[in-house]
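Please look over the sequence and the model below before reading on.

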Amino acid sequence: MTWWTSKVNDPAAISGNSSFEETVQQSIVLTNMESMVAWGRKNSVWPFNFGLSCCYVEMATSLTSKYDIARFGSEVIRGTPREADMMIVAGTVFIKMAPVIRQLYEQMMAPRWVISMGSCANSGGMYDIYSVVQGVDKFMPVDVYVTGCPPRPDAFMEGLLLMRDQIGQERRPLNWVVGPQGIIKPPEISLKETKREERMRMTSLRSPDEI
Amino acid sequence: MPDIVSILKDKFPQGILSVQLTKDEFPTLWAEAGSIISILSFLKKEADQPYSMLYDLTAIDEQAKNNRGEHPESIYTIVYQLLSFERNSFIRIKVPLTAQTVIPSITAVWPSANWYEREVYDLFGIKFTGHPDLRRILMPKTWIGHPLQKCHPARATEMAPFQLPEAKQVAEQAAMQFKPEEWGLEKTIADDELMFLNLGPQHPGTHGILRLVVQLDGEDIVNVVPDIGFHHRGAEKMGERQSWHSYIPYTDRVEYLGGVMNNFPYVMAVEKLGGIIVPERAQMIRIMMSELFRISSHLVWYGTFAGDLGMLSPVFFMFNDREKVFDIVEAICGARMHPSWFRIGGVTQDLPNGWKNLIQDFIDYFPKRLDEYDGMVMKNSIFKARTVGIGIYTTAEAIEWGITGPGLRATGFEWDFRKKQPYSGYENFEFDVPTGKNGDCYDRAGVRVEEMRQSLRIIQQCVNNMPDGPYKSDHPLTTPPVKKNTLEDIETLIHHFLNVSWGPVIPPGEAFCSVEATKGNNGYYLISDGNITSYRTRIRTPSFPAMQLVPLIAQGYTLPDLMAILGSVDYVLSDVDR
């Protein structure tokens with residue numbers, strides 16, 4: 001669906017001939033139920049107010065004015081997992097905390113998604129140490145991995161946008177009785193691969209001696 | 001006046017075993033376990049200019065050490081570090097433990113020893129006789145072994161892969177179940193049945209993964225029991241495996257809002273061990289970056305504290321200003337939160353061209369914002385009603401419980417390590433030490449707000465007086481040594497190669513260094529065994545004692561006050577649990 005905004009007194013907004021075809025084009029959307037629901041889901045991914053360590057500060061920063069994830073419908077942070085759609089595992093996954101994290105995940109209602117934010121949550125990162133689980137995917141599913149230690153808010157937002165796209169393409173049963181059950185997910189993509197060419201083109205880097 | 005070492009030797013001829021010389025030149029004495037309580041109570045209560053603060057209590061596993069020196073035989077050594085404000089100096093008492101791993105508890109002398117002794121028990125397996133509540137504090141209750149023993153594996157990948165089957169999930173949850181009797185809490189007072197409220201480990205008001213069990217009589221708090229350790233990242237064990245140089249990034253993450261401020265005490269301690277003199281320019285760059293991080297850390301606190309008390313907008317303003325600080329940090333260090341930018345012997349690289357204008361713009365911009373925030377937060381009547389007269393503690397209580405930093409100064413005691421024990425050239429700066437009067441939540445907030453202004457003054461002086469010269473020492477242990485010299489002589493090339501590939505070899509010895517960090521006094525106690533890694537890295541953080549004090553200052557207030565108290569203490573969970 002394409003859409004646009006216009007100013008009240010903008011003559012372009014009232015151009016046209018007010019014909020029946022035009023009115024229909026402007027006011028009726030034809031879609032199927034699945035796409036409509038997917039579009040709604042995609043644009044209102046409410047995050048769970050949950051953080052573990054350093055990454056949480058950068059995640060919280062993405063809510064503030066300079067980054068502002070409200071632009072993508074994700075500013076509604078929820079204090080309880082029961083009202084949230086997305087859990088951002090922002091920080092180190094401690095062994096002492098793992099049973100708690102799993103319980104919180106299980107308390108979220110489907111459809112639910114998980115972003116693993118930062119090296120610790122992805123793989124343990126620099127903390128290959130007795131008290132840290134080597135990646136949150138050892139005990140629960142993850143949809144998107146965001147790299148960095150901690151990732152910049154921009155990197156987190158890229159992960160969020162990636163997940164929104166995936167959610168938009170996802171097909172879930174509309175009903176637990178009617179039609180085929182099970183979730184059809186779009187193919188997983190690796191940004192490492194898709195961005196390779198762009199990365200290889202970067203041959204001259206800014207000197208650290210200049211601001 | 002005779003020095004404290006000879007006084008102690010005269011007073012306890014049997015108790016004092018020997019005297020040790022350390023690189024930090026603190027009086028360091030070995031004492032016998034049987035007389036430790038009398039020695040410590042003498043130092044606290046009877047000695048002239050007493051050592052009134054139990055600054056740190058930790059242990060060392062000596063079993064893998066090669067350079068033992070002339071010191072008494074020991075398998076584990078318990079280390080007590082005390083601070084005297086009158087003398088403005090530290091003292092260190094070490095107790096060797098041989099066959100038996102039992103020592104009398106000193107909780108009767110300092111109640112604040114409670115958590116420290118629990119930590120030593122948890123991580124080393126040493127038992128303290130007479131301790132009121134000796135159970136694990138950092139590791140889960142179900143953990144087997146004591147992680148800081150040399151025989152315990154360090155890496156997760158050396159241990160069995162982590163799995164969480166349903167049965168384990170249930171068992172772990174059951175082990176975390178709160179049972180008042182196990183925690184020494186009464187279920188009733190007189191005829192009233194008390195309510196227990198579990199807060200955390202996941203709760204928006206706890207600023208991280210902290211669990212508090214609150215014992216309530218109606219809305220009034222009878223007691224609070226913190227359950228910590230959810231954020232234990234094994235930072236001390238990590239120091240025994242990373243090279244001296246490659247440990248620097250881990251220090252950033254100990255107090256994750258303080259950035260390079262955390263590198264500061266660590267590199268200073270290594271430099272003390274290695275005998276490295278840091279050039280003036282590097283010293284001033286370090287101060288400038290640390291003060292920028294003090295501002296950014298205080299801004300996070302300012303916004304979230306106001307948020308805790310129901311004000312939604314301040315956090316947006318303050319995080320925007322924090323972005324401005326990060327723009328500078330990023331331009332100079334190349335990263336935002338954890339630049340790991342200090343190096344042994346200096347800093348990573350020289351300041352980039354144009355740094356002055358960048359910082360000057362911020363200095364010109366920020367004071368007006370602070371004034372605006374005063375109007376928005378500090379003068380707000382609701383904010384005042386929620387903080388004035390709430391969570392009070394006195395100077396004496398602060399000292400008794402090991403509180404440093406803004407939390408100590410808010411009680412009216414003007415004690416700032418930047419003034420009292422200047423390091424890295426702080427003695428050359430003009431700045432005031434803001435203090436409070438009542439030691440309540442409002443005063444703690446006021447001290448931090450004023451500290452941001454003072455930090456700006458310091459940064460302005462750095463901009464005006466930045467000396468020329470090298471940004472790194474030319475000492476061979478500097479890591480990595482200055483690159484251009486490597487192309488001129490073979491000696492530097494060899495050092496460069498070794499320091500980069502193996503890491504520097506720091507001569508045997510031990511040293512403690514601390515800085516006035518954002519949350520209080522942050523110190524690193526490093527022991528070198530003449531190797532490429534540290535033998536023991538002890539991190540003394542300000543948030544650990546602050547968290548231990550929370551129950552005492554919360555008693556008698558109501559539940560909403562607890563949120564104000566937690567916010568005003570300004571801890572970071574990674575700083576509590578390390």
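In chain B, 18 residues of domain 1 are in contact with 24 residues of domain 2, where contact means that the C-beta atoms of two residues, placed from the backbone, lie within 7 Å. The largest share of the side of domain 1 of chain B that touches domain 2 of chain B comes from strand E3 (residues 53-61) of chain B, which gives 6 residues. This is a predicted model, in which local features need pLDDT of at least 70 and side-chain atom pairs count only at pLDDT 80 or more, while totals for chains, interfaces and linings use all residues. Residues are numbered from 1 along each chain as its sequence is written, and chains are lettered from A and ligands numbered from 1 in the order in which they are written.

**Confidence**

- Chain B averages a pLDDT of 89, and 100% of its residues score at least 70; pLDDT is the predictor's confidence in each residue, from 0 to 100.
- For the complex, the predictor gives an ipTM of 0.87 together with a pTM of 0.90.

**The two domains of chain B**

- Chain B is divided into domain 1 (4-129) and domain 2 (235-577), with bounds that come from an automatic or database domain assignment.
- Between the C-alpha centres of domain 1 of chain B and domain 2 of chain B there is a distance of 28 Å.
- On the side of domain 1 of chain B that touches domain 2 of chain B, there are 7 nonpolar, 7 polar and 4 charged residues; here Ala, Val, Leu, Ile, Met, Phe, Trp, Tyr, Cys and Pro count as nonpolar, Asp, Glu, Lys and Arg as charged, and the others, Gly among them, as polar.

**Where chain A meets chain B**

- Across the two chains, 42 residues of chain A are in contact with 46 residues of chain B.
- Helix H3 (54-61) and helix H4 of chain A are the elements that give two or more residues to the side of chain A that touches chain B, and the largest share, 6 residues, comes from H4(A).
- By class, this side of chain A has 22 nonpolar, 11 polar and 9 charged residues.

- In strand E2 (residues 113-117) of chain A, 5 of the 5 residues are buried; a residue is buried if 20 or more other C-beta atoms lie within 10 Å of its own, exposed if 12 or fewer, and partly exposed in between, with C-beta atoms placed from the backbone.
- Helices (H or I, at least four residues) and strands (E, at least two) are DSSP runs, numbered from the N terminus, and two strands pair if DSSP finds at least two bridges between them.
- Trp113(A), Ile115(A) and Met117(A) point one way from E2(A), whereas Val114(A) and Ser116(A) point the other way.
- Strand E1 (residues 86-90) of chain A runs parallel to E2(A) and is joined to it by 5 bridges, with Ile115(A) as the bridge partner of Ile88(A).
- From E1(A) the chain passes through helix H4 (residues 98-107) of chain A to E2(A) in a right-handed β-α-β crossover, meaning that, with the strands pointing away from the viewer, the path from the first strand over the helix to the second runs clockwise.
- E2(A) is also joined by 3 bridges to strand E3 (residues 144-146) of chain A, in a parallel arrangement, and Ser116(A) stands opposite Tyr145(A) in E3(A).

**Strand E5 of chain B and its partners**

- Strand E5 (residues 89-97) of chain B is largely enclosed by the rest of the structure, because 7 of its 9 residues are buried.
- Strand E2 (residues 28-31) of chain B runs parallel to E5(B) and is joined to it by 3 bridges, and Leu29(B) stands opposite Ile93(B).
- Strand E4 (residues 76-84) of chain B runs antiparallel to E5(B), with 9 bridges, and Gln81(B) has Arg92(B) as its bridge partner.
- The hairpin of E4(B) and E5(B) has 4 residues between the strands, and there Asn88(B) takes a positive phi near 55 degrees.

**Backbone details in loops**

- The peptide bond from Cys149(A) to Pro150(A) is cis, with omega near -15 degrees, and Pro150(A) lies in the loop between E3 and helix H6 (153-169) of chain A.
- Gln49(B), although not a glycine, has a positive phi of about 45 degrees, and Gln49(B) is partly exposed, with 13 other C-beta atoms within 10 Å.
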